[in-house]
Amino acid sequence: MGQTVRIVFQRLRKLSSVSEFIQTVKAVFWRLLKKAGAVPSDDSLEDQSRDRIAHFDEHPSCAICSGQSVAEKLIAKDGNRIVECTECGLWFTSPRISESTWTDYLKSTTERSREFTENRLRYGVALSSNVKYTLPDWYENRIAKENVIIDQVEKHLGKKVESLHDVGCGVGYLLSAAQERGIEASGNDLNAYACQVMREKQGLTVFNDSLTDLDLSLESLDAVIMHDYIEHTYHPLEDLRTAHGFLSPGGIVHITTFHVDCRTFDRLGKDWNMLFWNHTYHFSTKTLSKMVTEAGFTDLDVTTSYETDLIAMTARKPLAPVKTT
């Protein structure tokens, strides 16, 4: 508690207006309540459930090996069923909302898509239930994190990034950070309203379509970023293979997602909010590595641990085609 109080006072000294002071006090109050258990850790569950717009009736095959044989792992707290491929061990949601129904919903300009977009632009979070936790310096912190990602990509690339594409670009945080560094950047997202805002108000190059439907030049990019994306897509291996085609030889794919090899999953199990239905894939280090390798990438560099919920993986498109036997 003492450390929390010190951090609060440090933040308060940096504030430049009464509104920032009030916002900080509110956010710290709600965060302390949540940490003390007075607010449920899954208080966004009801908010997320608003997007369950159809019955779950699509049973996908495994995205890595196309296997049809699965074993039920658990029923998450929100009721969705998570299975494991008996051939390769990949975890995924089955059944799920059909792909066509879900894609049409995401690409429609609705009050929900407007809400998500405006919340992200004003508070840095999509769900209205999470707005109360937002501190006034969230944008600076978010841009700093995006620059760390670009730094990591440049470290593995061995030179300055000149061109990149952000898959599932949200409202363009990474694209904005990239442009500030003089990088030619593009992105895609299924939220039509967000894409309109990014194009018209922020001057960003974005496409309202899936990665596999984009008409980008082959071997034209230094980097493809998949931050908080690969757990949402219905076709993660196809997306990785598409990214591989867009990358120049030696180009880098950078992925960040949650993983099930962590203490949080062991502690919470089915109650972990990362297992909610809108995450269609649930990776371990082993299954994510297998999928990235299957897509043709090499030189995998993995940053994670049992103590953190997140995994970051950077991999390279070989300079020459990989020979197969």
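In this predicted model, T117 touches V171, N191, Y193, A194 and V197, leaving aside residues up to four places away in sequence; contact here means heavy atoms within 4.5 Å. The residue belongs to helix 5, which spans residues 111-123. Helices (H or I, at least four residues) and strands (E, at least two) are DSSP runs, numbered from the N terminus. T117 has a relative accessible area of 0% and is therefore buried. For accessibility, buried means under 20% relative accessible area, exposed means over 50%, and partly exposed lies in between, with a 1.4 Å probe and protein chains only.

Residues are numbered from 1 along each chain as its sequence is written, and side-chain values use heavy atoms, with hydrogens and water left out. Because the model is predicted, local features need pLDDT of at least 70 and side-chain atom pairs count only at pLDDT 80 or more, while totals for chains, interfaces and linings use all residues.

Charged pairs come next. Searching the whole structure gives 15 salt bridges, each defined as a side-chain nitrogen of Lys or Arg within 4 Å of a carboxyl oxygen of Asp or Glu. One of them joins E115 to R112, with 3.3 Å between the closest N and O atoms. E115 and R112 sit three residues apart in helix 5, so about one helical turn separates them. Both partners are buried: E115 has a relative accessible area of 17%, and R112 has one of 9%. The pair also takes part in a network of salt bridges that links R50, D51, R112 and E115.

R181 lies in the loop between helix 7 (173-180) and strand 5 (184-188), and D151 lies in helix 6 (residues 138-157), so the pair ties together parts that are 30 residues apart in sequence. R181 counts as partly exposed at 25% relative accessibility, and D151 is likewise partly exposed, at 40%.

R181 also forms a salt bridge with E154, the closest N and O atoms being 3.2 Å apart. Here too, distant parts of the chain are linked, with R181 in the loop between helix 7 and strand 5 and E154 in helix 6, 27 residues apart. E154 counts as buried, at 17% relative accessibility.
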